[in-house]
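Trainee: I have a model to go through. Can we take it step by step?

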Amino acid sequence: GAAMTQGLSASGFEHVMYRQVLGRVLSLIYFPLWVVELTQGSERWLSVVDAVAESVVQPRAPLALADALAPGTPEPPSTVGLRPLVCPNCGRDLPVEPDDVIFLCGTCGRAWQIHGAELSETPHEIARVVGGSAASRPDDALYLPFWRLEPAAPPADGPAWVPAFRYRRLKALQDLTTRFSARPPTYEPWTGERPAAQGCFYDVEDAVLLARFTAAGRRRTPDAVKAAARDEPTYQGARLVWIPFRREGGSLLDPVAGLALQGGMLG
C-alpha cells in the first residue's frame, strides 16, 4: 500500500487527469552500503558510503545505527517446495504456459487460477456468438478470454468486459473494454468439443484495474475524471468467457464491432 501511494504521487505529472497502475509487481531490492566507524580523539561516529556510486551518503551518522544493523537471531532455513501443476479435480496434468495465471484442464474442462501454491476454481464458459462473424466457421476462429465483471451496486452501465489475454498494445485492450462493455456480445454456451483457447495473462485484480481505468477515460472533462477517480466502480463477481475472433490473414476480428487485432502482437 505504501509503495502504491508513493508511486502514484510522483511529481512531474501535473497535466495527467487520472492515473492507474496495471499489472503491479512488487520487488524487494537489496542495495549495498558501507558503514564505517570513524574516531577523532574521544569522538566516534559512523559514515555511510554508497558501495555502487562510491559516494558518501551520510557523513556523520550516530553510533546507535550500528545497533540497528546488528544481525538478529537467524531464522531456521526453509525448504523451497514444488507444486505439481495437476488438476485438483481429476488429477490430470494442466497445460504449462509460463505467462498464464489460469489453466484449463483438457480432461474435466475446469479452469484453475494459481495463487502462490494454491489453485482455486474459476467460473468460465466458452461462447458461441449468436450472429457473430465467427459463428459460422468456428474452426477458423481463435478464442480469446475476457473477464465479465458484475457491478457491485447500481447505478451501473452493466457488466464490464475486460480482455484477459496478453496484447502488446494496452490501448487496444482499452478499446476492447470500451466496445464490449457498451455492446456486450450475445452468445450461447459452447456445447461441442472444446476449441483451442488462448491463455489468460491478466487475473481478476488486473481486470478490475483496467475496467476502472477505462471507465474514468470515458469522462471527457477534468472534473468528471476526478469525480470518477474518487468514486471508482466496484465489482462483486467475475466470470471468464472465451470469445471467438475470426482469423483474416494476419489479423483477428472481434465478433462485436469488427475491431482488428494483429495476431503477432499476442503473447
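Mentor: Start with a term: buried means under 20% relative accessible area, exposed over 50%, partly exposed in between (1.4 Å probe, protein chains only). The model is predicted: local features need pLDDT of at least 70, side-chain atom pairs count only at pLDDT 80 or more, and totals for chains, interfaces and linings use all residues. Residues are numbered from 1 along each chain as its sequence is written, and side-chain values use heavy atoms, without hydrogens and water.

Trainee: Is Tyr 187 buried or exposed?

Mentor: Its relative accessible area is 17%. The cut-off for buried is under 20%. Tyr 187 is therefore buried.

Trainee: How are the rings of Trp 161 and Tyr 187 arranged, stacked or edge-to-face?

Mentor: Rings of Phe, Tyr and Trp (its six-membered ring) pair if their centres lie within 6.5 Å; planes under 30 degrees apart are stacked, over 60 edge-to-face, the rest tilted. Here the centres are 6.1 Å apart and the planes stand at 85°, so the pair of Trp 161 and Tyr 187 is edge-to-face.

Trainee: Is Phe 201 buried or partly exposed?

Mentor: Phe 201 pairs with Tyr 202, at 4.9 Å centre to centre. Tyr 202 is buried, at 16% relative accessible area. Phe 201 has 25% relative accessibility, so Phe 201 counts as partly exposed.

Trainee: Which residues form one aromatic cluster?

Mentor: The structure holds seven aromatic pairs. One cluster is formed by four Phe residues: Phe 146, Phe 165, Phe 180 and Phe 245.
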